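Hello,

Here is the structure I promised to pass on. Please open it first, then read my notes beside it.

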Amino acid sequence: MPNAILRAGPFATSADSFLNEPASTPVNFDGATLPVNCANYSGSSNWSWRYLMISAVGVASSYFNANKDETEISKSFTAGGLFEGEGLAFAYQAVNGFTFSGSYVVNAGDQQGVFSGFNIVNGADQSLFSDTGTTSVSGDFSITLPASTTPYFVFLKPLAEGDGVNATVSIDLIAET
């Protein structure tokens, strides 16, 4: 019989695991209130997988649900000259570790040879996945997220500098245990 988990959420911060959805959305990831997912895949009709999207630092962000019938979501980000904290974030609880996968494209614009990259980090700012290069990077990621009885925070962050930088992050919502 699987171990029971005391359900946190539906939102959490690093200081409090039992919060309701905030009245306003954060403008950056610092201390942000994140949705807590309790399923390891989006197909649950009882609980949609939820994310926080920061499309521009300092601008009101948005929470969104992944439709239970979707198998992939794709979000785009554009910055005038530098990504400073845009990206996607969520928290989860899981009895077992599971695979989280997707793809990314980060383009540093018209400037050749400038830094670009894509990182996935946890709440302790430890790297779970990283890819860096010049001008643009793209690829697929597949990481195993650990079992966690308390909310485990995950941040997907494009990195680039240059005129008209842009990024697209696609996430496969069906994660495998």
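Start at Phe100. Setting aside neighbours within four places in sequence, Phe100 is in contact with Tyr51, Phe90, Phe141, Ser142, Ile143, Leu145, Leu156 and Ile171. Keep in mind that this is a predicted model.

Phe100 belongs to the largest nonpolar core, which has 34 residues. Which members touch the most others? They are Tyr51, Phe90, Tyr92, Phe100, Phe118, Leu145 and Leu156. In soluble globular proteins, nonpolar side chains tend to be buried together.

Another core lies apart from the largest one. This other core has 15 residues, including Ala8, Phe29, Val36 and Ile54.

**The chain as a whole**

How many helices and strands are there? The protein chain has 0 helices and 12 strands. Read along the sequence, the pattern is β-β-β-β-β-β-β-β-β-β-β-β.

The protein chain has 177 residues, and 45% of them count as buried. The accessible surface comes to about 8500 Å². Carbon and sulfur atoms account for 46% of that surface.

Now take the contacts between residues at least 6 apart in sequence. Of these, 69% join residues at least 24 apart.

**Ile171: a contact of Phe100**

Ile171 was in the list for Phe100. Ile171 sits in strand E12. Is Ile171 buried or exposed? Its relative accessible area is 0%, so Ile171 is buried. Ile171 and Ile73 are 98 residues apart along the chain, yet their C-alpha atoms are separated by 5.5 Å.

Next, find Arg50 in strand E3. Its relative accessibility is 18%. The cut-off for buried is under 20%, so Arg50 counts as buried. Beyond its neighbours within four places in sequence, Arg50 is in contact with Phe11, Glu21, Pro35, Asn37, Tyr63, Phe64, Asn65 and Phe90.

Tyr63 is one of those contacts. Tyr63 lies in strand E4 (residues 62-65). Tyr63 counts as buried because its relative accessibility is 12%. Leaving out neighbours within four places in sequence, the contacts of Tyr63 include Phe11, Glu21, Pro35 and Arg50. Thr25 is also among the contacts of Tyr63. How many residues separate Tyr63 and Thr25 in sequence? The answer is 38, and the C-alpha atoms of Tyr63 and Thr25 are 7.5 Å apart.

**Phe115 in strand E8**

Phe115 is in strand E8. With a relative accessible area of 35%, Phe115 is partly exposed. Beyond neighbours within four places in sequence, Phe115 is in contact with Ala108, Thr132, Gly133, Leu159, Ala160 and Glu161. Phe115 and Thr134 are 19 residues apart along the chain, and their C-alpha atoms are separated by 4.7 Å.

**Two loop residues with positive phi**

Asp125 has a phi near 60°. That is a positive value in a residue other than glycine. Asp125 is found in the loop between E8 and E9 (127-134). Asp125 is exposed, with a relative accessible area of 57%.

Thr135 has a positive phi of about 65°, and Thr135 is not a glycine either. Thr135 lies in the loop between E9 and E10. Is Thr135 buried or exposed? At 14% relative accessibility, Thr135 counts as buried.

**The largest pocket**

Last, the pocket. About 330 Å³ of space lies in the largest pocket. The lining has 18 residues. Which are closest to the centre? They are Phe29, Asp30, Gly31, Phe155 and Lys157.

Strands E8 (115-122) and E11 (148-160) are the elements that give two or more residues to the lining. E11 gives the most, with 3 residues. The lining residues divide into 7 nonpolar, 7 polar and 4 charged.

Best wishes

Technical notes: Residues numbered from 1 in each chain as written. Predicted model: local features only at pLDDT ≥ 70, side-chain atom pairs only at ≥ 80, totals over all residues. Heavy atoms only, no water. 1 Å grid on protein atoms, 1.4 Å probe; cavity = no way out; pocket = protein on both sides within 12 Å on 5 of 7 lines; lining within 4 Å. Points joined across faces, edges and corners; volume = space filled by probe spheres on them. Helix = DSSP H or I, 4+ residues; strand = E, 2+ residues; numbered from the N terminus. Nonpolar A, V, L, I, M, F, W, Y, C, P; charged D, E, K, R; others polar. Core = buried A, V, L, I, M, F, W, Y, C linked by side-chain atoms within 4.5 Å. Buried < 20%, exposed > 50% of the residue type's maximum accessible area, 1.4 Å probe, protein only. Contact = heavy atoms within 4.5 Å. Areas by Shrake-Rupley, 256 points an atom, 1.4 Å probe, with all protein chains shown as cover.
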